[in-house]
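Student: Could we zoom in on the salt bridges? I'd like to know where they sit and what surrounds them.

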Amino acid sequence: MTASQIRRTFLEFFKGKQHSIVPSAPLVLKNDPSLLFTNSGMVQFKDYFLGNSAPKASRIADTQKCLRVSGKHNDLEDVGFDTYHHTMFEMLGNWSFGDYFKKEAIEWAWELLTVEYKLPKERLDVSVFGGDKGDNLPIDQEAFDLWKPIVDESRIIHGKKKDNF
């Protein structure tokens, strides 16, 4: 599949799940003094998460152009080691603002990957938050239980806080 086909398939899939499709926000932000560039797919929805404004729809899907530069919040392996290597990428996102949660997100992720993109089920592993004793955070048992009917327990990986932020 080409990048264009992946993008189109993603948006059409979530449009079929009653998501409003919104365009990518600008890469250079105009009204957010806390960020110079859009560095993640959720940036354009920040005011919704902070409660500063109401979402236009309870289900939204988008493809967001992002830029990571050296400094804080770099979860991409090679970004930030010097002053001239940066990473531009695109995030595909489906967002629920009080409408659905883990059950639908898990089922739809699996459907998108295995039915729409036709990835072989036997080659896919999934992860759940494995907890963090230091912060007294439990394992995400709900997500684990939702994945169990879909994949064998041996293919459910307990990720660490660093990996499942």
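Tutor: Let's start with Asp 32, which counts as buried because its relative accessibility is 17% (buried is under 20% relative accessible area, exposed is over 50%, and partly exposed is in between, with a 1.4 Å probe and protein chains only). This is a predicted model, where local features need pLDDT of at least 70, side-chain atom pairs count only at pLDDT 80 or more, and totals for chains, interfaces and linings use all residues. Residues are numbered from 1 along each chain as its sequence is written, and side-chain values use heavy atoms, with hydrogens and water left out.

The partner of Asp 32 is Lys 46, and their side chains meet in a salt bridge at 2.8 Å, N to O (that is, a side-chain nitrogen of Lys or Arg within 4 Å of a carboxyl oxygen of Asp or Glu). Lys 46 belongs to helix H2 and Asp 32 to the loop between E1 and H2, 14 residues apart, and the pair links distant parts of the chain. Helices (H or I, at least four residues) and strands (E, at least two) are DSSP runs, numbered from the N terminus.

Now for Arg 59 and Asp 99, whose side chains form a salt bridge at 2.2 Å, N to O. Arg 59 sits in strand E2 (residues 59-68), while Asp 99 is in the loop between strand E3 (87-96) and H3, so this bridge ties together parts 40 residues apart in sequence. Arg 59 is buried, with a relative accessible area of 17%, while Asp 99 is partly exposed at 36%.

Next up, Lys 17 and Glu 111: their side chains come together in a salt bridge at 3.1 Å, N to O. Lys 17 is in the loop between H1 and strand E1 (20-21) and Glu 111 is in helix H3 (residues 102-116), so the pair ties together parts 94 residues apart in sequence. Lys 17 is buried at 17% relative accessibility; Glu 111, at 26%, is partly exposed.

The structure holds 10 salt bridges, and they include a network that links Lys 102, Asp 140 and Glu 142.

Phe 10 and Phe 14 have ring centres 4.9 Å apart and planes at 55°, so they make a tilted pair. These two are 4 residues apart in helix H1 (residues 3-15), which puts about one helical turn between them. Phe 10 is buried, and so is Phe 14. For Tyr 100 and Trp 108, the ring centres are 4.7 Å apart and the planes are at 70°, so that pair is edge-to-face. Tyr 100 and Trp 108 are both buried too. Ring pairs join Phe 10, Phe 13, Phe 14, Tyr 100 and Trp 108 in a cluster.

Asp 152 lies in the loop between helix H4 (141-147) and strand E5 (156-159). It counts as partly exposed because its relative accessibility is 47%. Asp 152 and Glu 122 are 30 residues apart along the chain, and their C-alpha atoms are separated by 9.6 Å.

Conventions: Rings of Phe, Tyr and Trp (its six-membered ring) pair if their centres lie within 6.5 Å; planes under 30 degrees apart count as stacked, over 60 as edge-to-face and the rest as tilted.
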